[in-house]
Amino acid sequence: PLLEGIANAAMLNLDQFQAQNLTNMVWALAKLCFQDARLIPGIAKRSMLLIAEFNPQHLSNTSWALASLLYVDVPLMNAIATAAMQRIDDLKPQDLANTAWAFASLRVHDTRLL
């Protein structure tokens, strides 16, 4: 009941979520293995709108969480790839590893990242 309540409240306020909020929420859902048929696509849609505001850790953690949830959103993963390439020199080793793992796990191939 608690997670459903959190998911419902998040859906009502998703338009107020910023990059950090989106990343934290999808990361928490992944850690809890909590699939929500409305919230995860909602987070993905909002993330697409704000992808330019994602820092390297946001990109890494979001891609990791989506892969952990087995949620394949190719347009979002492509946007993450584009944003990561724009900031490639700022990605730390853990960011690089998480992002590479996510793309491999979801079988999303972006030759720019290879």
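Predicted model: local features only at pLDDT ≥ 70, side-chain atom pairs only at ≥ 80, totals over all residues.
Reader: Where does helix 6 run, and how far apart are its end C-alpha atoms?

Author: A helix has an expected span that follows from its number of residues. Here helix 6 covers residues 93-106, and because each of its 14 residues counts for 1.5 Å, the helix should span 20 Å, which agrees with the 20 Å between its end C-alpha atoms.

Reader: Which residues of helix 6 are buried, and why can they be said to line one face?

Author: Buried means under 20% relative accessible area, and in helix 6 that description applies to D95, N98, T99, A102, F103 and L106. When one looks down the axis of helix 6, these buried residues fall within an arc of 130°, so they line one face of the helix.

Reader: What do those buried residues pack against, and which exposed residues sit on the face turned away from them?

Author: The buried residues of helix 6 pack against helix 4, residues 56-68, and also against helix 5, while the face turned away from the buried side carries P93, Q94 and A104, which are exposed. Just after helix 6 comes R107, whose phi is positive, at about 55°.

Reader: How should I read L50: is L50 buried or exposed, and what does L50 contact?

Author: L50 belongs to helix 3, residues 39-50, and with a relative accessibility of 10%, which is under the 20% cut-off, L50 counts as buried. Once neighbours within four places in sequence are left aside, L50 is in contact with F17, Q18, A19 and L22. As for M85, which is 35 residues away from L50 along the chain, the C-alpha atoms of the two are separated by 16 Å.

Reader: And T23, in which helix is T23 found, and which residues does T23 touch?

Author: T23 is found in helix 2, residues 19-31, and is buried, with a relative accessible area of 2%. Not counting residues up to four places away in sequence, T23 touches F54, H58, N61 and T62.

Terms used
Residues numbered from 1 in each chain as written. Heavy atoms only, no water. Helix = DSSP H or I, 4+ residues; strand = E, 2+ residues; numbered from the N terminus. Buried < 20%, exposed > 50% of the residue type's maximum accessible area, 1.4 Å probe, protein only. Arc of directions from axis to C-beta. Contact = heavy atoms within 4.5 Å.
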